[in-house]
Amino acid sequence: MMGTYKRLRRTAVVTAGFTLAAFNLAAPAAAGQTLTYSEYGTERGVQGIVLAKFADQLREATDGALNVRITYGAALIALRDVLRGVGDGVADMGTVVGVSTPAELFNFRVGDLPMGSSDPWVGMKVMQELAATNPTIKREFADQNVRLIANFTTTPVVLICTSPVTGLADLKGRKVRANPPHSLAFEAFGAIPVSVAFTDVYQSLDRGLIDCAQTYVNAIIPFRHFEVAKHVTILDFGQNLAFGVVMNERSFRRLPAERQAALLKAADALSTAGARLNIETIASARAELETSHGVTFHTLSPEDHARLLEAGKITVDAFLEKGDPAVLDQFKALQAKYQAELATEGYPWTRK
């Protein structure tokens, strides 16, 4: 497997351009040091946009001395192997998803619990501070020879299905692709869990291998899931926040201090830009899905929503069977902190 990674690394395609209108426009890398980056998604959508902007900002901030070569579509390293691959130095950086590393980053996955705020900016700030200050989570990353330098965020979790789900009773017998811990709650209402990588959701829906998939409004268009499923159920049931950018620790430490500072500044801007773009585009993404792609949105009744939230407690209990209670306590405290800041001050980009 390692030999395959190295061959792919030598033949990786460079895509470092940034534009809102043309996601595939690539800019040539300037001369200087180049860091390799493994990304499972596409150049399209929020994630692709902010990653390309990150590469642009880093190159500009260092006058071309530090560049990022991004490979998309898991062409460099499969999503489930990114944590190990970056730790081993197959790539310098990559997008890691906690659900793909359930043992190695178990406590980091506290961010996936369906509880508390569903605001993308709040979620991003919570996970940034948690990863930077909590000793248990810091140790999880250090044990893999990586550091978390940025955190992505999702819009709230939704289900996209091939036929309507208008209430929890409709989940009974449905084959549902969902990430733990959300899947535990869906199972409580009779859903049948099916393990499918996010990159395989399109084909699985198209072939009838699954009836529904957990996703996010802003991810449906970039991954073209609307072509094979026309029903989206709004859940108001948390986010997936164990989701960010890791960097090989040795690669980071080898950088001169000024390049480390530039990289961390660009990574922080990436986190904020991702949250902002998710917030500012979710309404237009939904409108496009409804008007241009024939997607129908459904909402649970207040009674069903209350039952779903109650089922979410199962996921917290499951976390505490192996997780550090102090991590959960800090996660809750940080959610309250940043939710209060949002309520009193608004988003940073709207403050005077």
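Predicted model: local features only at pLDDT ≥ 70, side-chain atom pairs only at ≥ 80, totals over all residues.

**Salt bridges**

I searched the whole structure and got 14 salt bridges. The term covers a side-chain nitrogen of Lys or Arg within 4 Å of a carboxyl oxygen of Asp or Glu. Residues are numbered from 1 along each chain as its sequence is written, and side-chain values use heavy atoms, with hydrogens and water left out.

I looked at D112 and R109, whose side chains form a salt bridge at 3.5 Å, N to O. Are the two buried or exposed? Both D112 and R109 are buried. My cut-offs here are under 20% relative accessible area for buried, over 50% for exposed and partly exposed in between, using a 1.4 Å probe and protein chains only.

Next I checked E280 and R276, which meet in a salt bridge of 2.9 Å, N to O. Both sit in helix α10 (residues 257–292), four residues apart, or about one turn of the helix. Helices (H or I, at least four residues) and strands (E, at least two) are DSSP runs, numbered from the N terminus.

R307 and D304 make another salt bridge, with their closest N and O atoms 3.0 Å apart. They are three residues apart in helix α11, about one helical turn. R307 counts as partly exposed because its relative accessibility is 44%, while D304 counts as buried at 14%. I also noted a network: R80, D81 and R84 are joined by salt bridges that share partners.

**Helix α11**

I stayed with α11, which has 21 residues. From first C-alpha to last it reaches 32 Å, close to the 30 Å expected at 1.5 Å a residue; the expected span is 1.5 Å times one less than the number of residues. Which of its residues are buried? I listed D304, H305, L308, A311, G312, T315, V316 and F319. What covers them includes α6 (182–187) and α12.

**D324, just past it**

D324 lies in the loop between α11 (302–322) and α12 (325–345). It counts as partly exposed because its relative accessibility is 23%. Leaving out neighbours within four places in sequence, I found D324 in contact (heavy atoms within 4.5 Å) with N107, T136 and F319. D324 and V110 are 214 residues apart in sequence, yet 9.5 Å apart in space, C-alpha to C-alpha.

**Cores**

I looked up the nonpolar cores next, meaning sets of buried Ala, Val, Leu, Ile, Met, Phe, Trp, Tyr and Cys residues joined through side-chain atoms within 4.5 Å. The largest has 71 residues, and F186, L263 and L308 have the most contacts inside it. Apart from it lies another core, of 37 residues, among them I77, A91, W121 and F141. Not counting residues up to four places away in sequence, F186 touches several residues, including L159, L171, F237 and L308.

**Strands**

I found an open sheet of six strands in the order β7-β6-β8-β5-β9-β11, with mixed pairing. β7 (192–193) and β11 (296–299) are at the edges with a single partner strand each, so one side of each has no neighbour in the sheet. Strands pair if DSSP finds at least two bridges between them. Two bridges join β6 (residues 175–177) to β8 (residues 212–216), running parallel, and V176 has C212 as its bridge partner.

Last, I checked β10 (residues 243–248), where six of six residues are buried. β3 (residues 93–97) pairs with β10 in the antiparallel sense over five bridges, and β4 (residues 146–151) is also joined to β10 by five bridges, running antiparallel.
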